[in-house]
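Please read the report below alongside the sequence and the model. It is written for someone meeting this structure for the first time.

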Amino acid sequence: MSVERTTAAGGMETSYGFKRVGADDKQSLVNDVFHKVANRYDLMNDLMSAGLHRLWKDAMVTWLNPPKRPGWKVLDVAGGTGDVAFRIVEASHGNAHATVLDINGSMLTVGRERAEKKGLSDNTDFVEANAEELPFPDATFDAYTIAFGIRNVPRIDVALTEAFRVLKPGGRLLCLEFSEVEMPLLDKVYEAWSFNAIPKIGQAVTGDGEPYSYLVESIRKFPNQVNFASMITRAGFDRVSFRNYSGGIAALHSGWKL
């Protein structure tokens, strides 16, 4: 496929899939996508990853290793349905407190309902806000997590700077995102599956394939592992590293505020 990824220099802010849009237009377009898929978010991720997103999120929480003591706070951004936040709270044996932030109210509604059903309402709160303008004081959180959301933020560099700001000294960023497949042949198979099958399945299951086309295209445009690590470093983080999952279909980036 001839479409090139954006680099550490930027470009996602005017990229809506393979289309170029105004910098002020992308957020509303992305919001519309997630209003459409909010009630089928887990299904969406199952389609995008063949169900592997569940294992990758488990691995993310394992690497985070939330302490089993009261008072530890995590901000989970673009995590409206609570999928990652609930895992973190449960891994802490109910001691951690997770603030779930999302710009999309439909996603947050699903998250609140799930928190109540799981009996985790006391350990979670839900905030509707923009990742580029976090409504929290400096040095508020012990960890910042974001899973499959950073590529939908128009100004990724601004979001990373905000992540650094709200973390306490010694705090950690973990970002799980679809990335560049590094295994020969697997990249061709995954690309063919993504562009040919996923939008059609999305159309059949939900009656609307357009959101799935955008999400697949946004994966192909997102910076690769090395370029994204450079962006995290440029935002001020130290000891930046990443781990590939499933041959690079997804990558988990880690950075520390030291």
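The structure is a predicted model, in which local features need pLDDT of at least 70 and side-chain atom pairs count only at pLDDT 80 or more, while totals for chains, interfaces and linings use all residues. Residues are numbered from 1 along each chain as its sequence is written, and side-chain values use heavy atoms, with hydrogens and water left out.

**Spaces in the model**

Rolling a probe the size of a water molecule over the atoms shows where empty space is left. On a 1 Å grid over the protein atoms alone, a cavity is a set of points where a 1.4 Å probe fits but cannot get out, a pocket is an open set with protein on both sides within 12 Å along at least five of seven lines, and lining residues have an atom within 4 Å of a point. Grid points are joined across faces, edges and corners, and a volume is the space filled by probe spheres set on the points. Helices (H or I, at least four residues) and strands (E, at least two) are DSSP runs, numbered from the N terminus.

| Space | Volume | Lining by class |
|---|---|---|
| Largest pocket | about 260 Å³ | six nonpolar, two polar and six charged residues |
| Largest cavity | about 250 Å³ | 13 nonpolar, six polar and one charged residues |
| Second largest cavity | about 60 Å³ | five nonpolar, two polar and three charged residues |

In these classes, Ala, Val, Leu, Ile, Met, Phe, Trp, Tyr, Cys and Pro count as nonpolar, Asp, Glu, Lys and Arg as charged, and the others, Gly among them, as polar.

The largest pocket is lined by 14 residues, and R5, V181, D187, E191 and R220 are those that lie nearest its centre. Helices α7 (186–206) and α8 (210–221) each supply at least two residues of this lining, and the largest share, six residues, comes from α7.

Around the largest cavity there are 20 lining residues, of which A78, D102, I103, G149 and N152 lie nearest the centre. The elements that give two or more residues to this lining are α1 (26–37) and β4, with α1 providing the largest share, four residues. The lining of the second largest cavity includes Y41, K57, D76 and A78, and both β3 (73–77) and α4 supply at least two of its residues.

A78 itself is placed in the loop between β3 and α4. This residue has a positive phi of about 60° although it is not a glycine, and A78 is partly exposed, with a relative accessible area of 22% (buried means under 20%, exposed over 50%, and partly exposed in between, with a 1.4 Å probe and protein chains only).

**Nonpolar cores**

In soluble globular proteins, nonpolar side chains tend to be buried together. A nonpolar core is here a set of buried Ala, Val, Leu, Ile, Met, Phe, Trp, Tyr and Cys residues joined through side-chain atoms within 4.5 Å. The largest one has 32 residues, of which W56, M60, W72, I88, L176, F178 and L252 touch the most other members. Among the elements that each supply at least two residues of this core are α3 (53–64), α5 (105–118) and β9 (250–256). Apart from it lies another core, of 28 residues, including F136, C175, M231 and A235.

**Two buried residues**

S179, in the loop between β7 (167–178) and α7, is buried, with a relative accessible area of 4%. Leaving aside neighbours within four places in sequence, S179 is in contact (heavy atoms within 4.5 Å) with residues including R5, P223, Q225 and G248. The S179 side chain also makes a polar contact with the side chain of Q225 at 3.0 Å; such a contact is a pair of N or O atoms within 3.5 Å, where within protein one must be able to donate a hydrogen and the other to accept it, and residues adjacent in sequence count only if both atoms are side-chain atoms.

K257 lies in the segment after β9 and is buried, with a relative accessible area of 13%. The C-alpha atoms of K257 and P169 are separated by 5.5 Å, although the two residues are 88 residues apart along the chain. A polar atom of the K257 side chain lies 3.5 Å from the backbone oxygen of R165.
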